[in-house]
Amino acid sequence: MIRLLQIEFIKLWNNRASKILVFSYFILLTSIALVAAIKFDIGPINFHLAEQGIFNFPYIWHFNTFITAFFKLFLAIVIVSMMANEYSNKTIKQNLIDGLSKKEFILSKFLTVVTFALISTVFVFVVSLILGIVYSDFNELSIIFSDLEFLLAFFVKLMGFFAFCMFAGILVKRSAFALGFLILWQIFEGFVRAILRWKIFEGHTETDAVMGLFPLNAMWNLIDEPFSRLSAVQSLGDQIGEDFRFDYAVHWYEILIVLGWTAIFVYLSYALLKRRDL
Amino acid sequence: MEKILTVQNLTKKFGHLTAVNDLSFTIEKGNVYGILGPNGSGKSTTLGIVLNVVNRTKGEFSWFNGNTSTHEALKKVGAIIERPNFYPYMTAAQNLKLVCKIKEVSTDKVDEKLELVGLLDRKNSKFKTYSLGMKQRLAIASALLNDPEILILDEPTNGLDPQGIHQIREIIKKIAAQGTTILLASHLLDEVEKVCSHVVILRKGVKLYSGRVDGMLASHGFFELKSKDNGALEAYLKTNASFGEIKLENGLLTAFLKEELDPGTLNKLLLDKGIILSHLVKRKESLEEQFLELTKNQSN
C-alpha cells in the first residue's frame with residue numbers, strides 16, 4: 001500500500017502544475033481564517049464577522065466544512081489530469097508492462113484520492129479548532145467536540161467527489177474534456193430535477209428523495225447550508241414570521257449513498273481499465 | 001530447457017479483423033528470438049497480450065511455467081513497446097526511479113544502466129528534452145533496471161537515424177552477449193538475422209514458422225559458380241543428381257543443392273571433367289530470401 005502511494009507521489013510531486021494546484025488548495029483552506037478579519041467600522045455600524053457567532057463551537061464545524069468544500073475544485077483538476085495524463089503520455093501502458101497490475105494501478109490512484117480527502121479533513125479540523133479557540137464564546141471540551149460528524153461528512157464528500165473525478169478522467173482520457181464531463185453531469189442532474197419536479201412528482205419531498213440518489217446531489221446533501229442557522233438569521237426569521245429551523249444534521253443514509261457511489265466509481269474505473277486494450 | 005514464455009492457441013479479434021490467429025510458440029531461456037512479419041501481421045498485438053495491455057479473445061499464455069501471475073512475472077521482464085513512454089515532465093533519473101518502485105527493485109542500478117546506454121551525463125534533463133534516439137535508449141535502460149530474465153523489444157530501431165540504429169544494435173549485441181534471453185520483433189530482416197538464433201514468422205496473424213533460423217527451409221544451400229565455359233559447366237551440373245534448379249544470371253551460375261555436397265568435392269569433380277572454375281562460393285539463403293520463399297509458398 002505504501003509502495004502504491006509512493007508511486008503516485010513521485011508522479012504528482014514532480015509535476016509542477018499539480019504541485020502548484022495542491023499548494024494553492026491548502027493555502028485556500030487556511031485562508032478561511034481570514035474571514036475572521038472581516039470588520040466594518042463605518043460610523044455607527046460596528047460589524048465584526050468573527051463576532052457574529054460563525055466561529056462558535058460547534059457551529060464552526062458546520063460552517064467551515066461547508067465553505068471549504070468548495071475549494072475541492074482545485075484538487076479535482078489535479079485528479080482529473082493525473083488520470084487523463086496517464087493516457088495521453090501512454091505511461092499507463094508502460095506502468096502495466098513494467099509489472100503494475102490493473103488493480104494496483106486503480107488502487108494507487110484511489111489511495112491518493114483518499115489521502116487527499118484525509119489531509120484536507122485534518123487540515124480543516126486544525127484550522128477550525130484554532131479559529132474556534134480564539135473566537136468562540138463557548139470553550140467547554142464537551143461543546144468543542146460535539147457535532148464532529150460534519151468532519152466525517154466532509155471527508156466522505158471529498159472522497160466521493162474525487163472518486164467521481166478519477167472515473168471521469170479514465171472514462172474520457174482527456175483532462176479538459178473530463179472536466180467538461182463533470183460540468184455536463186451537474187447540468188444533467190439539474191435537468192433531471194426539473195423534469196421530476198414538474199412532470200412526475202407533486203411536491204418537493206419526493207423530488208428531493210429521488211435526487212438524493214444522484215451522485216453530485218448526494219454529495220451536496222451531506223452538509224446543508226449553514227447560513228440560516230446563524231442566530232442573526234434565525235431572529236430575522238422570527239421577526240418576519242418564517243421558520244428557518246431546518247434539519248441540518250448529517251444523516252447516516254446520506255453518508256451511505258455517497259459511500260455507495262464511491263465504490264461504484266472505483267469499480268467502474270477498474271472495469272473500464274480491465275476491458276480496454278491499450 | 002527452461003521455458004520462459006509459452007503461448008498456446010492465442011487469438012485476438014478486433015471486431016471483424018483477426019489480428020492474431022491461433023498462435024502457439026515457446027520461448028526458452030538463453031536464446032535470442034526474432035518475431036518476424038510484415039507490418040500488421042500481429043507482432044505487436046501478440047506482445048501486447050503477453051505484456052498485459054491487450055486482452056486476448058481466446059487462448060492461453062504463461063510466464064515462467066505458469067508459477068506466477070502475469071503482473072508478478074512482468075517484474076522479471078524488461079519490455080519496450082513501440083514508442084518510449086515516460087513522464088515528460090520528469091528527468092531521466094526520476095523516471096527510472098519510478099520504474100524501480102513499480103518493479104520493486106532497489107534504485108542502485110539507475111546510474112549503471114544509464115551509463116550502459118550512454119545517457120549518464122544527461123540524467124538530470126527532463127525526458128521531453130530528449131531526442132528520439134535518446135528516448136529509445138532510455139527505454140532500454142529502463143527495461144534493464146531489474147536485470148530481466150528476458151528482454152522484449154518491439155521495433156527498437158523504428159524511426160531512428162543510421163547512427164541511432166547502430167547504437168541500439170550495439171547495445172542489443174552487448175546484452176545478448178551477457179546471456180540474456182531476447183525477443184525482438186521487427187520487420188527488418190537483416191536486423192533479426194544479425195542477432196537472432198531462433199525466429200517466429202507471422203503473416204496476417206498466422207504462424208508460418210517457428211524454430212532455428214537455419215532450419216527455416218529444408219535447404220542445403222546453393223553454389224555460385226563461374227567458369228570460362230559456362231555452357232559445359234551447366235551441362236554437367238544438369239547431369240549431376242545432387243543439383244536441382246540451375247539459374248544463369250549475369251554470367252554467374254547459381255545451382256541449388258538437393259543433398260549435402262561440400263565445395264572441395266565439387267571442385268575436384270569439375271576439375272576431373274576439365275572444367276576450371278574462376279568463382280566458387282557455397283552459400284545458404286539469407287533470411288530475407290528464406291522469408292520471401294516461405295511467405296510465397298504459403299500464399300500459393
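**Figure 1. Who sits around A:Phe162 in this predicted model.** Leaving aside residues up to four places away in sequence, A:Phe162 touches A:Leu75, A:Ile79, A:Val113, A:Phe116 and A:Ala117.

**Figure 2. A look along helix α8 of chain A.** How many residues does α8(A) have, and how far does it reach? It has 24 residues and spans 34 Å from its first C-alpha to its last, close to the 34 Å expected at 1.5 Å a residue. Of those 24 residues, 20 are buried, so α8(A) is largely enclosed by the rest of the structure. Just after the helix comes A:Lys173, with a positive phi of about 70°.

**Figure 3. A:Gly180, a glycine in helix α9 of chain A.** This helix covers residues 175–200. Is A:Gly180 buried or partly exposed? It counts as partly exposed, because 13 other C-beta atoms lie within 10 Å, whereas a buried residue would need 20 or more. From A:Gly180 to A:Ala168 is 12 residues in sequence and 9.5 Å in space, going C-alpha to C-alpha.

**Figure 4. Where chain A touches chain B.** Chain A puts 22 residues into the contact and chain B puts in 23. On the chain A side, α1 (2–13) and α5 (91–97) each supply at least two residues. Which of the elements gives the most to that side? That would be α5(A), with six residues. Sorted by class, the chain A side has six nonpolar, nine polar and seven charged residues.

**Figure 5. The two chains, one after the other.** Chain A has 13 helices and two strands, while chain B has 10 helices and 13 strands. The C-alpha atoms of chain A fill a box of roughly 70 × 45 × 35 Å along the principal axes; for chain B the box is roughly 75 × 45 × 35 Å. Buried residues make up 38% of the 278 residues in chain A, and 38% of the 300 residues in chain B count as buried too. Looking at contacts with a separation of 6 or more, residues 24 or more positions apart account for 82% of them in chain A and 69% in chain B.

**Figure 6. The six-stranded open sheet of chain B.** Reading across, the strand order is β5-β6-β7-β3-β8-β9, and the pairing is mixed. At the edges stand β5 (77–80) and β9 (206–212), each with a single partner strand, so one side of each has no neighbour in the sheet. On average, neighbouring strands here are turned by 10° against each other, direction ignored. Strands β3 (residues 32–36) and β7 (residues 181–186) run parallel and are joined by five bridges, with B:Ile35 opposite B:Ala185.

**Figure 7. Zooming in on edge strand β5 of chain B.** β5(B) runs parallel to β6(B), and four bridges join the two. B:Ala79 stands opposite B:Ile152 in β6(B). Which residues of β5(B) point which way? B:Val77 and B:Ala79 go one way and B:Gly78 and B:Ile80 the other, and all are buried. Helix α5 of chain B (residues 132–144) lies across β5 and β6 (150–154), running at about 165° to β5(B).

**Figure 8. The four-stranded open sheet of chain B and the helices on it.** Here the order is β11-β12-β10-β13, with antiparallel pairing. The edges are β11 (243–249) and β13 (277–283); each has a single partner strand, so one side of each is left without a neighbour in the sheet. Neighbouring strands are turned by 20° against each other on average, direction ignored. Five bridges link β11(B) to β12 (residues 252–257) of chain B, and B:Leu248 has B:Leu253 in β12(B) as its bridge partner. Helix α8 of chain B (residues 230–239) packs on the sheet, touching β10 (222–227), β11 and β12, at about 160° to β11(B). Helix α9 of chain B (residues 263–272) also packs on the sheet, touching β10 and β13, and makes about 150° with β13(B).

Definitions and conventions: Residues numbered from 1 in each chain as written. Chains lettered and ligands numbered in written order. Predicted model: local features only at pLDDT ≥ 70, side-chain atom pairs only at ≥ 80, totals over all residues. Contact = placed C-beta atoms within 7 Å. Nonpolar A, V, L, I, M, F, W, Y, C, P; charged D, E, K, R; others polar. Buried ≥ 20, exposed ≤ 12 C-beta atoms within 10 Å, placed from the backbone. Pairing = 2+ DSSP bridges. Axes fitted to C-alpha atoms, helices over the stretch in contact; angles between N-to-C directions. Expected span 1.5 Å × (residues − 1).
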